[in-house]
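Have the structure open as you read.

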Amino acid sequence: MRIRLGRLIVVSLVIVSLFGVLVARLFYIQIIKGRDFAERSKDQAQQRMVIAANRGAVRDCNGRVLAKSMESKFRAPLGVFVNLEESGEKQKYHTVKRVYPFGELAGPVIGYIGRDGYGLSGIEFAFEKYLKGENGWAILRRDGRNNRYKRIGLPQKPPVDGCDVILTIDADIQGIAEHALKQRVAELNARGGMCVVMEPHTGKILAMANEPTFNPNIPLSFSSSQRKNRCIEYNYEPGSTFKVITAAAALQEKVKNVNDSVDGGNGVYKVYDQAIRDHRAFGMLSFTEALSFSSNVCFARIANDVGNEGLYKYAKDFGFGSHTGVQLSGEEKGIVHPVEKWSGRTRVTMAIGQEISVTLLQMAVAFSCVANGGVLFAPAIVDKIVSPDNAVVWKSNYHPVRRVISEKTAANLRTILQDVVEKGTGSRAEIDNLAIGGKTGTSQKLDKETGAYSSSEYWSSFIGFAPVDRPEILCAVLIDEPAEGESGGLAAAPVFRKIISQIISHPQLDYAEKMLPKSKKKKKNAAPHSTTPVTAAVYPVPSLDNSGKISDALIIFEDNKNGSIKSDDAATPSMVRVPDCMGKNARDAINEINRRGLVPYIYGSGAVTEQKPSVGATVYKAEICTLYCSYEG
């Protein structure tokens, strides 16, 4: 009995002890550490989620979207940048993807973004601070099944969306330039090409084309060199196009006038133990003829009259050896060696475009100075930046940098450059009823192994403007290594002619009104004369619905075994009538447009409800035809 009582006492003491320990533990948790554990519980049940701001769009000068962020709904993992959308208490999560509705169009100019959402090149990189906006955050509740909820009273900070960047680029002109350049590079089996189209009186860049180019929707499918904007990132020796700078220096300094004669030296000019040669033997030429026929010998003699200091001064005044100020990163400034580092032959070789390196944009800007009356303008590729509430937060002022030559000198040069096109090396740039001024250039590349000039690898260029008396537009074309070594007059001048002709004939552009003489103005849909047949391009055509969302698939249409789309008949004039696509589904409409040798761009999906140009309009082959589609009647 006594033993049972003892066991009971022991068991009771154990129970009391355990209960005491439990009470003590509860006291410790609830009273002493209550606040700490409450905070830990709160941390485990709540989560701070980043809410990504909507990245601003990139648009052309007419407001067409060239880059835009789209949302894709799915359950996001922890830590992923998301947008949140309320649906009762529960949240839907969206990842944000950057899309480029026009595919390759202006790819190196627009650039692309990385997986972290930051711009890596082009406009996307240069204007990152405006485009990205400011991320917000929200505190969410999380239950045992890892479902997250938004509850009233929990703190949050809404995101501030990014601004839209409005370019000076016109998508129509960009498409024309890219297509013409791509065709010519293919015809010449060239390594590549570049083109800049701009307004000489403002510095606005209307198009900046690179071939080969890349599609920013899938940037890693292209090499790093294809993703570069070679119009500003590549240096080259300009060759004879630089003779315009030498001519400007000679006329401005009055060491020569347009009526002076220059000795062509029968095609040879000795410089120490080397010789400067012409493509043919010339005797005495007028100053105008020396530039029209692009005589190296004459310009070597003209350079002697200008002198080292004079030639260096005008090279720098025209902007060479310095950044142009274009609103893009990665721009090269070229090479202009200081006079003290010149050799005995630098003066004469630089005068004809050797021993100096430039970018194509620098050359376009320099020629714009001649075209606009002698004032150097900083080029602009961004017109303005607009906030989400449509307020302009930044605007380009299109400012002049300095006067380089007088209006008289510029006018004389324009007249001479018109002679280059009408009588000289630039004849293949000529367009009926339009006064063109321009200059050809052909420069040998340096052989990297020998350090000497190559006998087979060339840069071939043409830079021109129109009309001569009041230039509205300037176009610079550069062909990289045409397979047969074609000169600038043969390789590049036809590209200039095609681009300007199509710009004038484009029904949505007003350059015909500005540029063609009123007494000889052509009908609205007529194109200036061109003897070169045009081949239609094979373009990836993204489908963009009315809300701005792009479909996942890119459509490429081919109608023969080698994947190319031919024009109707290469022997017939390069004009076609726009087919009637109204009511057709997008695929059938695109095939119909391609068969006519036109370039399709698609907005929306479903059946065609509107098309531009209008049905039956007569347009130049390779013209862009925009189809607006909808599922609604």
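Lys-313 sits over the face of Tyr-314, 4.4 Å from the ring centre (a charge counts as over a ring if NZ of Lys or CZ of Arg is within 6 Å of the ring centre and within 35 degrees of the ring normal). Keep in mind that this is a predicted model, where local features need pLDDT of at least 70, side-chain atom pairs count only at pLDDT 80 or more, and totals for chains, interfaces and linings use all residues. Residues are numbered from 1 along each chain as its sequence is written, and side-chain values use heavy atoms, with hydrogens and water left out.

**Rings**
- Lys-445 also lies over a ring face, that of Trp-459, at 4.3 Å from the ring centre.
- There are eight aromatic pairs (rings of Phe, Tyr and Trp, the latter by its six-membered ring, with centres within 6.5 Å; planes under 30 degrees apart are stacked, over 60 edge-to-face, the rest tilted).
- Phe-127 and Tyr-130 make a tilted pair, 6.4 Å centre to centre with 40 degrees between the planes.
- Ring pairs also tie Tyr-112, Phe-214 and Phe-222 into a cluster.

**Cores**
- The largest nonpolar core has 98 residues, and Phe-320 is among those touching the most other members (a core is a set of buried Ala, Val, Leu, Ile, Met, Phe, Trp, Tyr and Cys residues joined through side-chain atoms within 4.5 Å; buried means under 20% relative accessible area, exposed over 50%, partly exposed in between, with a 1.4 Å probe and protein chains only).
- Apart from it lies another core of 38 residues, including Leu-188 and Met-515.

**Ile-232**
- Ile-232 is buried, at 1% relative accessible area.
- Ile-232 and Glu-331 are 99 residues apart in sequence, yet 5.0 Å apart C-alpha to C-alpha.
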